[in-house]
Amino acid sequence: MSRILTGIQSSGRPHLGNILGAIKPAIDLSKQPDNESFLFIADLHSLTTIKDGPTRREFTRAVAATWLAFGLDTAKNTFWRQSRVAEHTELAWHLSCFTPIPMLNNATSFKEKSDRATGPVNTGLFVYPVLQAADILLYDAEIIPVGKDQRQHIEMTRDIASAFNRQYDEDVFVLPEARIDDRLMTIPGIDGAKMSKSYNNYIDIFLPENELWKVIKKIKSDSTPLEEPKDPATDITFQLYSLLASDEKIAEMRSLYEGGNYGYGMAKKAFYELILEQFAEERERFNFYMTNNDALEAELQAGEAKARVVAGQTIARVREKLGFN
Ligand code: ADP
Ligand code: TRP
């Protein structure tokens, strides 16, 4: 039995990149009979960037609705909001007292974020990895499926946990391992760069049909005239289509490109229709949870009760060591 844990910040509505790159793979992993998954919404982490309450509430609901729409089994696994389990912030404090400042100074994700910042950088951004370590160590998680950019944060978690274990000469914490799936590709956005909410190039598959079509229409393409053959290998619409379509459909689309008399607009239409067809159920379930707040709350609160039991046991162990009991 492996204990798997991962979190997604509620800093936007999940886009196709988040779904194919993180949410779906985590749900697939959670379905394996030998795994037990702890999947949470890192809403406290989102405070490092988003300050507006209603915006965060909306994004938190959208992230929760996405996990549920994609079929997360909340009976088998544990699913919660980080902010509702107070042990996360308590453990983050304890761990911060075992975290050398130079370690945080070396965090590349902090450096990148502070380089991009226009105003003064907040302390939350600096101690972000400590809260992340608390998220992981609270649940004795063994495997942390994340993107490449998170490798260093998991290494830091191991270092902080080891420092703590050494101090008390005991294995208070389990040392987690990152699971970075190299086969997972980086999903391109509508401009061809990595799809990201920060680049405003993302596809929100839950948009109403007309708005979704407006976004798909904006996918960048070159100016090859309609009659001429087109190169599928360099076209963004073709790449996106290939992420969702069956091999047969991909081959069909390839020959249409190569045959000429097939415009990019037609390919975009086919991609748009494929999204609607393939995610019909998910779109419906997402809308259900977004409009039925009670159902969403019930799922989350049940998960929070389960999470508190596990987190409570760990924090009791930690308080004991630290002399806070
Ligand atoms: P964003 O870049 O939109 O801010 P996040 O950094 O919040 O996304 O990422 C949340 C999760 O989604 C991470 O696990 C990340 O690896 C995954 N992810 C984000 N964008 C992509 C993408 N374009 N392709 C594949 N996975 C992605
Ligand atoms: N920092 C992660 C990200 O931006 C989100 C996160 C917070 C996380 N706590 C975590 C991921 C714990 C894995 C485990 O993608």
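## Ground rules

Residues are numbered from 1 along each chain as its sequence is written, while chains are lettered from A and ligands numbered from 1 in the order in which they are written. Because the model is predicted, local features need pLDDT of at least 70, side-chain atom pairs count only at pLDDT 80 or more, and totals for chains, interfaces and linings use all residues; side-chain values use heavy atoms, with hydrogens and water left out.

## Around ligand 1

Let's start with ligand 1, which has 13 residues around it (a residue counts if one of its heavy atoms lies within 4 Å). Those that come nearest are H15, I187, M195, S196 and K197.

Some polar contacts can be picked out here (pairs of N or O atoms within 3.5 Å). H15 places a polar side-chain atom 2.7 Å from an oxygen atom of ligand 1, and a side-chain N or O atom of N18 is 3.1 Å from an oxygen atom of the ligand. M195 takes part through its backbone, with an N or O atom 2.9 Å from a nitrogen atom of ligand 1.

## Around ligand 2

Ligand 2 is surrounded by 14 residues, and the closest are H45, Y128, Q132, D135 and Q150. Three of these names return when we turn to polar side-chain atoms and ligand nitrogen atoms. For Y128 the distance to a nitrogen atom of ligand 2 is 2.7 Å; for Q132 it is 3.0 Å, and for Q150 it is 3.0 Å too.

## Helix α4 and its partners

Now to the helices (DSSP runs of H or I with at least four residues, numbered from the N terminus). Helix α4 (residues 87-96) and helix α7 (residues 123-137) have axes that come within 8 Å and cross at roughly 120°; axes are lines fitted to C-alpha atoms over the stretch in contact, and angles run from 0 to 180 degrees between N-to-C directions. The crossing is right-handed (the near helix is turned clockwise from the far one by less than a right angle). In contact (heavy atoms within 4.5 Å) are H88, L91, A92, L95 and S96 of α4 with V130, L131, A133, A134, D135 and L137 of α7.

Helix α14 (residues 293-322) also packs against α4, with axes within 10 Å and a crossing of roughly 30°. The two helices are therefore roughly parallel (angles under 35 degrees count as such, and those over 145 as roughly antiparallel). From α4 come E87, E90, L91 and H94, which meet R308, A311, G312, I315, V318, R319 and L322 of α14.

## An antiparallel pair

Helix α11 (residues 247-259) and helix α12 (residues 264-278) pack at about 165°, with axes 11 Å apart. This pair is therefore roughly antiparallel, and α11 passes α12 in a right-handed crossing. K249, M253 and Y257 of α11 make the contact with Y264, A267, A270, L274 and E277 of α12.

Terms used. Parallel < 35°, antiparallel > 145°, perpendicular 65-115°, else oblique. Polar contact = N/O pair within 3.5 Å; in protein donor to acceptor, adjacent residues only side chain to side chain.
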